[in-house]
Amino acid sequence: MSPSKMTSRERVFAAVTMKELPDQLPVTPLLMTRGIREGGVRVDEVLLDGEAMAKAKIKAHQKFGGDVVLAGTDLFTPVENLGAVLDYLPYAQPSLVEHPAPTKEAFYRLKDNYLSKGFDPEKGRLRAIQEEIRTFVKEGWKDTHALATPVGGPITTAQLVTGTDEFFTYLAEDPDYAKEIIELCLDVCKNICRMMFEAGIDVCNILDPFCSCDILPPEMYREFGLPYQQRLFAYIKEIGGIGFTHTCTFTQPIWSDIAANGSLNFNGDMYPGADHTKRAIGDKLSLMGTLSPYSTLTHGTPEDVAREVKKLAVEVGYNGGFVCMPGCDIDWTVPEENMRALIDTCASIKYPIDIEALGDLSNVYLAGHPKHPGMRKISIDDDQRVRMGIKKTQMKKTPEEEVYYNLADAIMEYDGDKVVEWTQKGLELGLTPQQIIFDGLCLGMKMVGDMYERNERFITDMLKSAKTMDKAMPILVPLMEASGLKDGKKETVVMGLVRGNTQDIGKNLVVLMLKANGFNVIDLGKNVNPEEFIKAAEANNAVAIGMSVMTNSSVAYVEKTVKMLKEQGKYNKYLVMTGGAAMNEQLAAQIGIRYGSDANAAVSLVKEHIAANA
């Protein structure tokens with residue numbers, strides 16, 4: 001028997017609580033910055049005007065439909081409340097440009113001030129978001145729809161307080177201090193959630209992407225992420241609210257932990273696939289996701305969107321407990337016809353689902369599946385593949401191969417003493433510092449990088465390997481300087497995250513791998529303008545400019561950089577390369593630059609460029 005016709009609100013809560021089947025497949029279209037666009041205003045014009053923001057999004061929902069209405073736009077509200085400086089952008093989420101406590105001294109000043117004065121509800125955009133929620137309630141949207149808002153999670157906020165690189169160091173070397181930062185951020189998150197529920201929100205979706213297994217090993221999540229999530233969700237339940245969990249990309253090793261954190265719903269990309277998530281924990285809590293936001297929703301056709309939605313319904317939503325949603329926030333540039341395809345296809349799928357009526361979906365793949373069009377290829381070139389063959393399976397090695405193997409092995413094992421030992425042995429054999437670095441140490445870094453790309457190691461492992469490699473540098477650098485080779489051989493690459501982007505972990509990995517391969521890297525950080533890329537390249541006599549792009553609306557800054565280089569007659573002077581979630585090989589070729597799918601690919605591009613121009 002089919003469920004009777006439900007309101008959007010009834011439909012969503014039926015799916016989330018899993019107490020009954022919804023009448024049709026519920027959908028959260030994530031109309032935040034993309035919703036504001038339909039109001040005919042820019043994002044930066046309304047971020048501090050809650051009523052204007054609500055009215056812009058109301059126009060979007062009246063135009064497209066959808067079952068969940070979202071207040072706010074991003075996860076930065078807790079860190080902004082703690083004093084972070086944000087750049088409000090016209091066509092995207094804000095960009096964080098200044099961390100509130102990049103040093104321990106700054107953090108303890110911040111903590112002392114917070115403890116003495118208490119939480120300040122007037123700092124940041126909190127009052128504006130409350131006004132937005134109250135406008136939705138006043139206009140009657142809570143009567144018919146579920147209302148939700150994003151709030152940055154405790155550990156994600158903590159790394160924004162200090163900066164990502166600094167926080168990684170604290171996790172590894174000063175865990176008690178890292179927990180002090182997370183504890184303060186937890187208190188801020190609690191207070192913000194309380195404010196949102198007081199204004200009339202139904203759900204706080206706790207965005208905690210830093211907990212991803214692409215970033216933290218599962219055991220670190222269980223120590224630094226999960227306990228604070230559990231305390232936050234217990235507090236939300238205590239004050240009568242509902243909490244959801246959002247964590248991006250690869251999360252399979254911690255699914256059972258997420259199912260026990262106290263939230264009612266898990267949403268995000270769910271790599272290696274929402275169908276796997278459904279089978280693993282779909283009986284314990286509801287799921288929301290995971291239409292590919294870039295390759296399908298932004299760059300696909302309406303037919304691509306419809307087919308992927310149907311595949312999600314068949315694989316994840318077949319027995320309820322599922323709300324269809326893009327895996328992460330959608331871009332300002334998502335085509336109108338694709339928005340309609342997402343929402344209209346969901347509305348057309350009724351419960352109980354007639355799977356045969358949805359057609360042949362055998363060649364449609366969910367985000368996270370190796371055959372999904374959005375999945376990047378792992379880069380391993382033939383030369384590196386041969387060198388990786390120097391392994392334990394090869395019984396007899398030359399003395400030089402023995403050095404290279406043991407150096408690479410030491411990097412893989414984070415064994416600094418072993419690195420020093422085999423660096424000395426290599427020098428005694430007559431190997432040059434360059435051979436030791438490029439054929440031994442860098443090979444180890446490449447192998448760690450490949451394992452990271454296969455989800456076999458974590459960012460923290462990459463950083464430990466880099467620190468292990470550093471143990472050899474006090475021995476090798478003086479020798480290179482004495483031979484006069486250091487400055488002559490070290491080419492410069494300029495790297496940065498383009499304007500409108502704040503997720504710099506991928507960019508940082510590229511910087512790390514370039515340095516590990518002997519390049520001098522000028523890291524311009526986040527929110528970089530085209531003029532800054534060109535100025536830095538000129539000032540440092542760079543051979544390459546690398547631009548990381550995480551949102552489609554920021555592709556315009558890459559295009560502007562290329563245009564300026566052409567106008568200045570410098571287009572052929574540099575290798576211009578790009579990567580990131582919003583880029584792909586076709587788009588890069590269209591702009592006239594090179595695409596690197598990962599950190600190893602970026603290194604290969606620079607090496608190829610130098611060799612071709614030697």
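I start at aspartate 329, which sits in the loop between strand E9 (322-326) and helix H17 (336-348). A word on those labels: helices (H or I, at least four residues) and strands (E, at least two) are DSSP runs, numbered from the N terminus. What does aspartate 329 contact, leaving aside its neighbours within four places in sequence? The list is Leu30, Met32, Thr33, Thr73, Gln93 and Pro293, where contact means heavy atoms within 4.5 Å. Alanine 84 is 245 residues from aspartate 329 along the chain, and their C-alpha atoms are separated by 21 Å.

Before going on, the terms of use. This is a predicted model, in which local features need pLDDT of at least 70 and side-chain atom pairs count only at pLDDT 80 or more, while totals for chains, interfaces and linings use all residues. Residues are numbered from 1 along each chain as its sequence is written, and side-chain values use heavy atoms, with hydrogens and water left out.

Leucine 30 belongs to the loop between helix H1 (8-17) and helix H2 (33-38). Is leucine 30 buried or exposed? It is buried, with a relative accessible area of 7%. The cut-offs are these: buried means under 20% relative accessible area, exposed over 50%, partly exposed in between (1.4 Å probe, protein chains only).

Methionine 270 also has a positive phi, about 60°, although it is not a glycine. Its place is the loop between E7 and H14, and because its relative accessibility is 0%, methionine 270 counts as buried. Proline 272 is in the loop between strand E7 (265-267) and helix H14 (274-281). The bond joining tyrosine 271 and proline 272 is a cis peptide bond, with omega about 15°. Another cis peptide bond joins tyrosine 351 and proline 352, with omega about -10°. Proline 352 lies in the loop between H17 and helix H18 (382-388).

Two further residues, briefly. Glycine 65 is in the loop between helix H4 (50-64) and strand E1 (68-70). Its relative accessibility is 21%, so glycine 65 counts as partly exposed. Not counting residues up to four places away in sequence, glycine 65 touches Pro29, Leu31, Ala60 and Ile343. Between glycine 65 and alanine 15 there are 18 Å in space, C-alpha to C-alpha, and the two are 50 residues apart in sequence. Aspartate 257 lies in helix H13 (residues 255-258) and, at 13% relative accessibility, counts as buried. With residues up to four places away in sequence left out, aspartate 257 touches Tyr221, Arg222 and Leu226.

Next, the aromatic rings. How many aromatic pairs does the structure hold? There are 7. Rings of Phe, Tyr and Trp (its six-membered ring) pair if their centres lie within 6.5 Å; planes under 30 degrees apart count as stacked, over 60 as edge-to-face and the rest as tilted. Phenylalanine 167 and phenylalanine 210 form an edge-to-face pair, 5.8 Å centre to centre with 70° between the planes. Phenylalanine 167 is in helix H10 (residues 164-173) and phenylalanine 210 is in the loop between strand E5 (203-207) and helix H12 (218-238), so this pair ties together parts that are 43 residues apart in sequence. Both phenylalanine 167 and phenylalanine 210 are buried. Tyrosine 170 and tyrosine 177 have ring centres 4.7 Å apart and planes at 90°, so that pair is edge-to-face. Tyrosine 170 and tyrosine 177 are both buried. One aromatic cluster is formed by Phe107, Tyr108, Tyr170 and Tyr177.

Last, the chain as a whole. The protein chain has 29 helices and 14 strands, and of its 614 residues, 59% count as buried. Its C-alpha atoms fill a box of roughly 80 × 60 × 50 Å, taken along the principal axes. Why call the radius of gyration in agreement with a compact globule? With 614 residues such a globule would have a radius near 25 Å, and the protein chain has 25 Å; the radius is taken over C-alpha atoms, and the globule rule is 2.2 Å times the number of residues to the power 0.38. Among contacts with a separation of 6 or more in the protein chain, residues 24 or more positions apart account for 74%.
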